[in-house]
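Please examine the sequence and the three-dimensional structure shown below. The paragraphs that follow lead through selected parts in turn, from helices to loops.

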Amino acid sequence: MATSPQRPPARRRTTLYAWEGKDRNGKLARGEMPASGTAVVSAMLRRQGILALSIKRKRVQRDNRIREKELALFTRQLATMLKAGVPLLQAFGIVARSQTNPALARLILSLCADVEGGTSLNQAFARHPRYFNTLFCNLIAAGEQAGLLDELLDSLARYQEKTLALKNKVRAALIYPAAIVTVAILVTSVIMIWVVPTFKEVFSSFGAELPLPTRIVIAISDFMARYWWMLAGFLGGAMAWALRLWRRSAAWRARTDRLLLRLPLFGKLVRKATVARWSRTLATLFGAGIPLIDALQAVGAAAGNAAYADATATIRQQVAAGASLTTALEQTRMFPGMVGQMVAIGEESGALDEMLAKVADFYEIEVTEAVASLSNLMEPFIMVVLGVVIGGLVIAMYLPIFKLGSVI
């Protein structure tokens, strides 16, 4: 059984070098290699049968980001290469040359250099925790020990692809109403700050008392026109403070995660997506031969929601004490009844990973349908809200004109 990979020892700082040389056939070859010095680059090239002609330190930009989609594609490419019988180091080189993101290419070359220097593959990945989490490294370690690295990489690629697709669906469901509300706030602000004052100048010549709705709108407009910079600064500062607090405070993130689960409409969607990810992660780990206790520890970290991470920690404690996974899972009351039933069937039949995968498939379909339904429901709701707000402003501004017309 695979165990969690040990934390690798610290290594010397490496630099990226661009090299040119001739191979055994006398053909010109060039490439890039991370190393601690030019002597290391020259020695590694000699091992590959290449005579170095030029080795230069390369300047690299540090602002390139590596997206989850690119990491999933890298895992899929590496799995495909290994399944085709391509040696690991050669596969790293081929995949690195195909990358359009320089940051990802440097990361792959760094992994290649580590493995070529004698580091195990899971330790090489563990040196980059920003991109490869404990779950990833555990599966790689299991694949290395069982001699099934290509199959485990294929499972990892499927897991990453499904998880990414699920996150994108939830993100799309949350972004759409947020974008509409943002546009509505901007449009309303423009009307209140620039349009309403024009009407106010016209109304000042009437010499009569304005209707109450009009007076309220004008008062709000005067306040926004005078203190718009203060409002913008307050909103910007509040958003920056909340974002910083969310990033640095685990307690704040936990409260936010629990709040998301209680939101109307969106709460059910977030819960289904979390259950799908939880089930998919446990199915992938347990199916790779990782012990249930170790798998549950990794699942808690990958749950994506603090409430489910806490529930998973409780489940792990009860399973370690001798309880069945079904009993421990049902006692948390965080999972739908169907999940407990499928887990019970899996434990009785010895096919727990298959049952968990079916649970994940079911809830991924549920999320897809929920996103579609939510989008269809939110469109008319948002249109009604916008109509009421914008329409109310227009009516409030035209009430004095209608009143004047009735008097005439």
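**Helices, cores and loops**

Helix α7, residues 149-203, consists of 55 residues and reaches 77 Å from its first C-alpha to its last, close to the 81 Å expected at 1.5 Å a residue. The model is a predicted one. At valine 195, α7 bends by about 35 degrees, and proline 197 follows within four residues.

Helix α8, residues 212-248, gives another case. A straight helix of 37 residues would span 54 Å at 1.5 Å a residue, but α8 spans only 47 Å between its end C-alpha atoms. At tyrosine 227, α8 bends by about 75 degrees. The buried residues of α8 are Thr214, Val217, Ile218, Ser221 and Met224.

Helix α12 may be examined in the same manner. At 1.5 Å a residue, its 15 residues should span 21 Å, and its end C-alpha atoms are 21 Å apart, which agrees. Buried in α12 are Ala306, Ala307, Tyr308, Ala311, Thr312, Ile315 and Val319. These buried residues pack against α9 (250-262), α10 (266-287), α11 and α13 (325-332).

What lies at the start of α12? There, a side-chain oxygen of asparagine 305 reaches to within 2.9 Å of the backbone nitrogen of alanine 307. Asparagine 305 belongs to the loop between α11 (292-302) and α12 (306-320). With a relative accessible area of 3%, asparagine 305 is buried, because buried means under 20% relative accessible area. Leaving aside its neighbours within four places in sequence, asparagine 305 is in contact with Asp257, Leu261, Val270 and Thr274. Beyond the other end of the helix, α12 is followed by glycine 322, whose phi is positive, near 115 degrees.

Helix α11 contains alanine 298. This residue has 7% relative accessibility and therefore counts as buried. Not counting residues up to four places away in sequence, alanine 298 touches Asn138 and Leu285. The C-alpha atoms of alanine 298 and glutamate 354 are separated by 18 Å, while the two residues are 56 residues apart along the chain.

The next topic is the interior. In soluble globular proteins, nonpolar side chains tend to be buried together. In this model, the largest nonpolar core has 81 residues, and those with the most contacts inside it are Phe125 and Trp278. A second, separate core of 13 residues includes Ile193, Phe203, Leu210 and Met397. Returning to tryptophan 278, and not counting residues up to four places away in sequence, this residue touches Leu296, Val299, Ala303, Thr312, Ile315, Leu329, Phe335 and Leu356.

A pair of aromatic rings is described by the distance of the centres and the angle of the planes. A search of the whole structure finds twelve aromatic pairs. In one of them, the rings of phenylalanine 74 and phenylalanine 92 have their centres 6.5 Å apart and their planes at 20 degrees, so the pair is stacked. This pair links distant parts of the chain: phenylalanine 74 is in helix α2 (residues 68-83) and phenylalanine 92 is in helix α3 (residues 88-97), 18 residues apart. Both phenylalanine 74 and phenylalanine 92 are buried.

How are the rings of phenylalanine 125 and phenylalanine 132 arranged? Their centres are 4.7 Å apart and their planes are at 65 degrees, so the pair is edge-to-face. Phenylalanine 125 is buried, with a relative accessible area of 0%, and phenylalanine 132 also counts as buried, at 2% relative accessibility. Phe74, Phe92, Phe125, Phe132 and Phe136 form one aromatic cluster.

Two loop residues complete the account. Glycine 118 has its place in the loop between α4 (102-116) and α5 (121-126). At 66% relative accessibility, glycine 118 counts as exposed, because exposed means over 50%. The C-alpha atoms of glycine 118 and tyrosine 398 are separated by 79 Å, and the two residues are 280 residues apart along the chain. Arginine 333 is found in the loop between α13 and α14 (337-349). Its phi is near 55 degrees, a positive value in a residue other than glycine. Arginine 333 likewise counts as exposed, at 76% relative accessibility.

Note on methods:
Residues numbered from 1 in each chain as written. Predicted model: local features only at pLDDT ≥ 70, side-chain atom pairs only at ≥ 80, totals over all residues. Heavy atoms only, no water. Buried < 20%, exposed > 50% of the residue type's maximum accessible area, 1.4 Å probe, protein only. Contact = heavy atoms within 4.5 Å. Core = buried A, V, L, I, M, F, W, Y, C linked by side-chain atoms within 4.5 Å. Expected span 1.5 Å × (residues − 1). Bend = angle between axes of the 7 residues up to and from the residue. Phe/Tyr/Trp six-rings, centres within 6.5 Å; stacked < 30°, edge-to-face > 60°. Polar contact = N/O pair within 3.5 Å; in protein donor to acceptor, adjacent residues only side chain to side chain.
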